[in-house]
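Subject: Structure handover

Hello,

Here is the structure I said I would pass on. My notes on it follow below.

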Amino acid sequence: MGNGFVVPAIVAVTLVTLVIGFYGLRLARTTSDFLVASRAVSPTWNAAAIGGEYLSAASFLGIAGLILKYGVDVLWYPVGFAAGYLALLLFVAAPLRRSGAFTLPDFCELRLGSRRLRTLATVFVIFIGWLYLVPQLQGAGLTLATVAGAPYPVGALLVAAVVTANVALGGMRAVTFVQAFQYWLKLTALAVPAIFLMLQWQADARPAVTPPDGPAFRTATTVVVEQRAALTFADGTIRQVRPGDELTFAAGDPVPEVSGVADGADWLLPSAAGDDDRGLFATYSLILATFLGTMGLPHVLVRFYTNPDGAAARRTTLVVLGLVGAFYLLPTLYGVLGRIYTPQLLVTGQTDAVVLLLPDAALGGGTTGRLLAALVAAGAFAAFLSTSSGLLTSVAGVVSTDVLGRGSVRGFRLATVIAGGVPAVLALNLSGLDVSQVVGLAFAVAASSFCPLLVLGIWWRGLTDLGAAAGVLAGGGAAIGAVLVTVLGPPLSGWPATLIAQPAAWTVPLAFTVMVAVSMATRHRMPADVGATMLRLHAPEALRL
Amino acid sequence: MTADEQVPAPRAPQPRPRTRIVLAEVSRPHDRTDRTRAELAQQTRVGDALVRGLVRAQLSLALRLSLVVLIGLGGLPWLFAIAPTVGRVTVLGVNLPWLLLGVVSFPFLIAVGWAYVRLAERNEQDFTDLVQRPEH
C-alpha cells in the first residue's frame, strides 16, 4: 500500500487510548470504582461510551463489505443492530438498572435465587464474550495486514495486549472515557471521508451504481485473487480462479460476475417470494437475532449499572439509539460507492476491506485520499479497541467474581489477563472465519439464551429456576451447536445450511417455549420473594421503598 | 450478594482489604413510610395489586410499541417478497427499499423509543401519585 500516514494514525489512536486509560487510573481507587465507575458517569458520557463500545469491527468494516457484496438484503444488519437498543429500551433497561444486578449471572441469582443457574449464566457470558472477541482481534489483524502490510498476528496481538493492559490497569472508569472518545472518533472517521466521497462522486458526474451493462473498472487494475471462485466474463467464458491468481483488467473493462456475489437486480432489489423462500427465512432470522440479541450481550448490560436510576437508564438508552442510528447511515454509503470505485474487491473476495480502501481509490491516490485512508484506518482501530475493552471488562468481571471467587482489584487484574489471553490464542489459530458471520452467530446465541431469561424474568412472575435453566440450555445450546457446526463442521447446502447459518428464527422460539413450559410444570419452585422482586424492578426510585 | 453488606464509601482514603464485591444494591425499608408504602413493602394484597397494575401497564405499553415496530419494519421483507414492484419504485433516484431500510428506519426507531420513554414515565408518575395520594 505504501501509505505513510496509516501507521502513525494507528499508533496515535493506541497512544491516546492508553493515555486516557492512565488518566482514569489515577481516579480509580477502590473495587467499586473499578467495576462500576462509582455510578458517577453522566448520561451523555455513558451513552457515548455505550455507542463506542457497541460499534465493533462488524459495524465499522463488515456492514459496508456485506452491502458491497450482497446488496439490499443485508441492510437488515445495521437496522437490526440499532433496533436491538429499542428492544432493550422497551423490555429491559429500567427494570434491569433497578434490579441492581451488575452482570447477567447477578440478575439470575437476584431474581431466581439459584447458584446453579448463576453458574450456567456464567458459562454463557464467557462463551458469548469470547465468540465476540475473536472476530474483533481477527479484524485488527486483517486491517493491519491490508493497510500497512504487517503480518496477520501483529495486529491481533497488538489489540489484545493494549486492551488487556488498559482494562487491567484502569478498570471501567478509564474505559468509560476511552469508549466515549472512541464513539466520536469512529463517527468522524466515517463521516468526514464520506463527505469527500460524495463530492468526488458529484465531480465524476454521478456514475450509476448499477449501470445497465454491469459494473466496470474505472482504471486499469491488477487483481490478486484471495478466495476460490468462478468468474463469468462478459463474453460468456467461465474461469475458475484460486488464491494467488493474477488477473489484469484495462480501464472500462466490465467486472466479471463472481460466484456467490449478488449482481445487478439481485443486488439492487430485495429477494422476492417464490424463487427464494430460504432468503426470506434468513432475513427474518437475522432480524430476530439482531433485535433480540443486543440485550443479551454481556458488555452491553454492564453499562446500565452506571446509570443513577431506572429513568436515567431509559434516557441513556434513547440517546444511544440516536447515536448508533446516526452512525449506521454511513456504512451503506461506503458499500454502495464501493460498487463504483472498488469493484476489484468483488473479484478478490476481500470485501471487508472496502471501507479502508475506498477513500484512496475514489480520490485517486493524492494526499487527501491518503490522509482520509489513514483516518479510516484509525477509526477501524478504535472500533477494535473499544469493543474488545468492553467485552474484556465484562468477561473479566464475571471470571473474577464467579470463577476465581475473588472481588479484589488484584483478582480482577488476574481475571483480565486470563479473559484476554484465551481469545488471543484462538484468534491466532482461527484465521479463516468470516468476521460478520461470527458476530451474527454471537447475536443468535445471546438472543436464544439471555433474551428470554431477561424478558420473562422481568415481566413474568411464573418463571422458575428450573424453567430458566431448561430454556437457556435448549435455546442457547441449540444456537451454540449451530455455531460449532458452522466453525468446525462440513459445508452444508440447501435448507440445513440456512437453518444452521441463521439459527435464531428457530432457537429463540424454542428457548421461550421451553422456558415457559418447564416453569409452568415446576410452579412450586417459584421464588417466595417474587412479589418483592417485582416491586423493586418496576417501582420508580422516587418512592424510596 | 447478601443484603447486609455495606456499599463501600467511594474513594475511602485507606480502603480495607475486601473479599467480596457488593453487586446488588442494599434495599432497606425507609423510615418515612405511610400506609400505602407499607402495604407495597409488606406485600399485602393491596400493595400486590398496585404493583401488578404497574407491571401490566408497562408491559402492555412495551408490547403495543413492539407491535408498531413489528408491523412497520417486520412487514417490509414480506411486502417486498409478495409485491416485488414496490422494490422498483424510485424516490429521488433511489430504490424504495434502500431508502426505507438505509435511512428512514433509524428516525422511525428513535421516534418509537422517544414515545416509549414519555409514556413509561407517565405510567410511573401515575403509580407514584396513586401511592402518595393523601389517605382519607
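A residue is called buried here if 20 or more other C-beta atoms lie within 10 Å of its own. Pro95(A) has 24 other C-beta atoms within 10 Å, so Pro95(A) is buried. Please keep in mind throughout that this is a predicted model.

Pro95(A) belongs to helix 6 of chain A, which covers residues 93–99. Setting aside neighbours within four places in sequence, Pro95(A) has contacts with Gly310(A), Ile458(A), Leu537(A) and His538(A). Tyr77(A) is 18 residues from Pro95(A) along the chain, and their C-alpha atoms are separated by 27 Å.

Arg536(A) is part of helix 22 of chain A, residues 530–538. Is Arg536(A) buried or exposed? Arg536(A) counts as buried because it has 21 C-beta neighbours inside 10 Å. From Arg536(A) to Thr283(A) there are 253 residues in sequence and 38 Å in space, C-alpha to C-alpha.

The two chains

Chain A has 545 residues, and 61% of them are buried. Its secondary structure consists of 22 helices and five strands. Among the contacts in chain A with a separation of 6 or more, 82% are between residues 24 or more positions apart.

Chain B has 136 residues, of which 25% count as buried. Five helices and two strands make up the secondary structure of chain B, and their pattern along the sequence is α-α-α-α-β-β-α. For chain B, 46% of the contacts with a separation of 6 or more involve residues 24 or more positions apart.

Helix 8 of chain A

Helix 8 of chain A runs over residues 115–148 and has 34 residues. At 1.5 Å a residue it should span 50 Å, and this agrees with the 49 Å between its end C-alpha atoms. Of the 34 residues in helix 8 of chain A, 25 are buried, so the helix is largely enclosed by the rest of the structure. After helix 8 of chain A comes Gly149(A), with a positive phi near 70°.

Two packing partners of helix 8 are described next. In general, two packed helices are described by the angle between their axes and the distance between the axes.

One partner is helix 7 of chain A, residues 104–112, which packs against helix 8 of chain A at about 160° with the axes 8 Å apart. Angles over 145 degrees count as roughly antiparallel, and helix 7 of chain A and helix 8 of chain A are therefore roughly antiparallel to each other. Their crossing is right-handed. On the helix 7 side, the residues that meet helix 8 of chain A are Leu104(A), Pro105(A), Cys108(A), Glu109(A) and Leu112(A). On the helix 8 side they are Arg115(A), Leu117(A), Arg118(A), Ala121(A), Thr122(A) and Val125(A). This contact of helix 7 with helix 8 of chain A has seven nonpolar, one polar and three charged residues.

Another partner is helix 19 of chain A, residues 465–488; its axis comes within 10 Å of that of helix 8 of chain A, and the two cross at roughly 25°. That makes helix 8 of chain A roughly parallel to helix 19 of chain A. The crossing of helix 8 past helix 19 of chain A is left-handed. Helix 8 of chain A contributes Arg116(A), Leu117(A), Leu120(A), Phe124(A), Phe127(A) and Leu131(A) to the contact. Helix 19 of chain A contributes Asp465(A), Ala468(A), Ala469(A), Val472(A), Gly476(A), Ile480(A) and Val483(A). By class, the contact of helix 8 with helix 19 of chain A divides into 10 nonpolar, one polar and two charged residues.

Between the chains

Helix 13 of chain A has 32 residues, which at 1.5 Å a residue should span 46 Å; its end C-alpha atoms are 47 Å apart, which agrees. Helix 13 of chain A is mostly covered, with 30 of its 32 residues buried.

How does helix 13 of chain A lie against chain B, and at what angle? Helix 13 of chain A (residues 310–341) packs against helix 5 of chain B (residues 96–132) at an angle of about 175°, with the axes 9 Å apart. That makes helix 13 of chain A roughly antiparallel to helix 5 of chain B. Among the residues in contact are Leu318(A), Leu321(A) and Tyr328(A) of helix 13 of chain A, and Phe106(B), Leu109(B) and Trp114(B) of helix 5 of chain B. The contact of helix 13 of chain A with helix 5 of chain B has 12 nonpolar, five polar and three charged residues.

Regards

Conventions:
Residues are numbered from 1 along each chain as its sequence is written. Chains are lettered from A and ligands numbered from 1 in the order in which they are written. This is a predicted model: local features need pLDDT of at least 70, side-chain atom pairs count only at pLDDT 80 or more; totals for chains, interfaces and linings use all residues. Helices (H or I, at least four residues) and strands (E, at least two) are DSSP runs, numbered from the N terminus. A residue is buried if 20 or more other C-beta atoms lie within 10 Å of its own, exposed if 12 or fewer, and partly exposed in between; C-beta atoms are placed from the backbone. The expected span of a helix is 1.5 Å times one less than its number of residues. Two residues are in contact if their C-beta atoms, placed from the backbone, lie within 7 Å. Axes are lines fitted to C-alpha atoms, for helices over the stretch in contact, and angles run from 0 to 180 degrees between N-to-C directions. Angles under 35 degrees count as roughly parallel, over 145 as roughly antiparallel, 65 to 115 as roughly perpendicular and the rest as oblique. Ala, Val, Leu, Ile, Met, Phe, Trp, Tyr, Cys and Pro count as nonpolar, Asp, Glu, Lys and Arg as charged, and the others, Gly among them, as polar. A crossing is left-handed if the near helix is turned anticlockwise from the far one by less than a right angle, and right-handed if clockwise.
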